[in-house]
Amino acid sequence: MPPRKRKAPSAEPKIEDEFQALSCEDIRKELQSLGDNPGPIDASNKAIYIRLLARKKQKTVDTDEQPRDDVDIDLHTSSFQRPPLRHSVVPEVKRASMPSKLKPMLAVPSTPPSSAKTVLYFEARGLTAAAFTPFTESGEINLLVIRQYADYLCQRGVLNVFVSGTTGEGLTLTVSERKLLAEEWVKVAAGRITVIVQVGCESLKDTCTLAEHAQKIGANAIGVLPSSYHKPPSIVHLVTCLEKVCEAAPSIPLYYYHIPARTGVTFLMEDFLDVAMDRLPTLRGLKYSSPVLSDYGRCVVHSGGRYQILYGCDEQLIGALALGCTGAIGSTYNFAGKLYNRLLVAFQKGDLETAKLEQRRSQAMVKVHNKYGEPSSVGKAIMKLVGLDVGPPRLPALPLSMENVKSLEKDLRDIGFFDWA
């Protein structure tokens, strides 16, 4: 008698199966009851919202989530392990050596974990300067300053740049200017600096064009701002736009740029990652420029720590480090890189008193900075005071008056900036 065929065990029903019978309106009400504000739900996107609802329901059941065992970050021993990513291969750039006194001690590997050998791996290690865009006095882009700028950052232990972002006045540049600027940074970086190019525009087509260009010229990663005039009405709309960017540049890591105070796009980033993780194959993480550390901390551990959440509020860096931050992007790293590297070293060594001292200095500096108005105007004035002239801001911003420059210099001197920055 032939042996009986064994029945395959029945597959365990997926958690979202119980929501399949709900109408689109019922799904919308359920999400609203959980604090979400979904856009229109219809047959074309119902499955996505069901997955989002299932994840949110699961979180309400398991509110006392245990620490993830698959992420091992120990800032005191510089050990760091990440689970493998799901992306295509991009070779790692060679890095310049950094003076030992300035070397940031964040627990970030110099090479990918062995489990990630066949997948894309990129990590913006330590400090990333949100680079100013140099202009001439007549308001034209000034590429001649970029090489000197790169040398200046390297001397201060800042080995990553974020090009054409908020600090870089990117949205005041034409597409052609942004291409030229990105090309020059990639050329002068020459393996000693990693270059993240911010490609977001009001036009999605322009965004895709710049993303494709950044990939072509060999940038290490891209950042993407959302449209801020025609804002995406829901996370699904936002992710759908970013899908187009992934398609245009399928082999370069992508960081979504979250800066709600500027864009007015205020979705919780944990909820964004819930939707994006299944739809954005090149998503590497976030440039998280919001002071809401509760959401930041949840993003750091999302999907077992798969994404790098770069922190963008310089004056709160120590709080982000306590939540597992492995990299930070900021405008004040341009002129105070040594201060922040000392903060990182102290935090890694467990010397919290020194780390807090450096953070308080940072906070005093940011308070003075904010006193004088438009960030690009003030930041460029400070750059000139420390010895690197990157020119004036571009309209609609105006340069500080001579009177305000003198007052700014006095205020900085009074807090000791020129001694410790």
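Me: Which helix gives the most to the lining of the largest pocket?

Reply: H7 does, with four residues. Keep in mind that this is a predicted model. H7 spans 260–263. Strand E10 (327–330), helix H12 (352–371) and helix H13 (375–385) also supply at least two residues each.

Me: How many residues line the largest pocket, and which lie nearest its centre?

Reply: The lining has 40 residues. Thr166, Thr167, Ile259, Arg262 and Pro375 lie nearest the centre. The space inside is about 1000 Å³.

Me: What makes a residue of that lining nonpolar, polar or charged?

Reply: Its residue type decides: Asp, Glu, Lys and Arg count as charged, for example. By class, the lining of the largest pocket has 15 nonpolar, 18 polar and seven charged residues.

Me: Why is H8 called roughly parallel to H9?

Reply: The axes of helix H8 (residues 269–276) and helix H9 (residues 293–300) cross at roughly 30°. Angles under 35 degrees count as roughly parallel. Therefore H8 is roughly parallel to H9.

Me: Which residues of H8 and H9 meet?

Reply: From H8 come Met269, Glu270 and Leu273. From H9 come Asp295, Arg298 and Cys299. By class, this contact has three nonpolar, no polar and three charged residues. The two axes come within 8 Å.

Me: How many aromatic pairs does the structure hold?

Reply: The structure holds 11 aromatic pairs. One of them joins phenylalanine 122 and tyrosine 255.

Me: Why is the pair of phenylalanine 122 and tyrosine 255 called edge-to-face?

Reply: Start with the distance. The ring centres are 6.1 Å apart, and rings pair if their centres lie within 6.5 Å. Now the angle. The planes stand at 75°, and over 60 counts as edge-to-face. So the pair is edge-to-face.

Me: What makes this a link between distant parts of the chain?

Reply: The two residues are 133 residues apart. Phenylalanine 122 sits in the loop between strand E2 (79–81) and strand E3 (126–130). Tyrosine 255 belongs to strand E7 (residues 254–258).

Me: What makes a space a cavity and not a pocket?

Reply: In a cavity, a 1.4 Å probe fits but cannot get out, whereas a pocket is open. The structure holds three cavities of 30 Å³ or more.

Me: Which residues line the second largest cavity?

Reply: Ser164, Arg178, Ala182, Val197, Gln198, Val199, Leu210, His213 and Ala214 do. They divide into five nonpolar, three polar and one charged. H5 (204–217) gives the largest share, three residues. Helix H4 (175–189) and strand E5 (194–198) each supply at least two.

How values were computed
Residues are numbered from 1 along each chain as its sequence is written. This is a predicted model: local features need pLDDT of at least 70, side-chain atom pairs count only at pLDDT 80 or more; totals for chains, interfaces and linings use all residues. Side-chain values use heavy atoms; hydrogens and water are left out. On a 1 Å grid over the protein atoms alone, a cavity is a set of points where a 1.4 Å probe fits but cannot get out, and a pocket is an open set with protein on both sides within 12 Å along at least five of seven lines; lining residues have an atom within 4 Å of a point. Grid points are joined across faces, edges and corners, and a volume is the space filled by probe spheres set on the points. Axes are lines fitted to C-alpha atoms, for helices over the stretch in contact, and angles run from 0 to 180 degrees between N-to-C directions. Angles under 35 degrees count as roughly parallel, over 145 as roughly antiparallel, 65 to 115 as roughly perpendicular and the rest as oblique. Contact means heavy atoms within 4.5 Å. Rings of Phe, Tyr and Trp (its six-membered ring) pair if their centres lie within 6.5 Å; planes under 30 degrees apart count as stacked, over 60 as edge-to-face and the rest as tilted.
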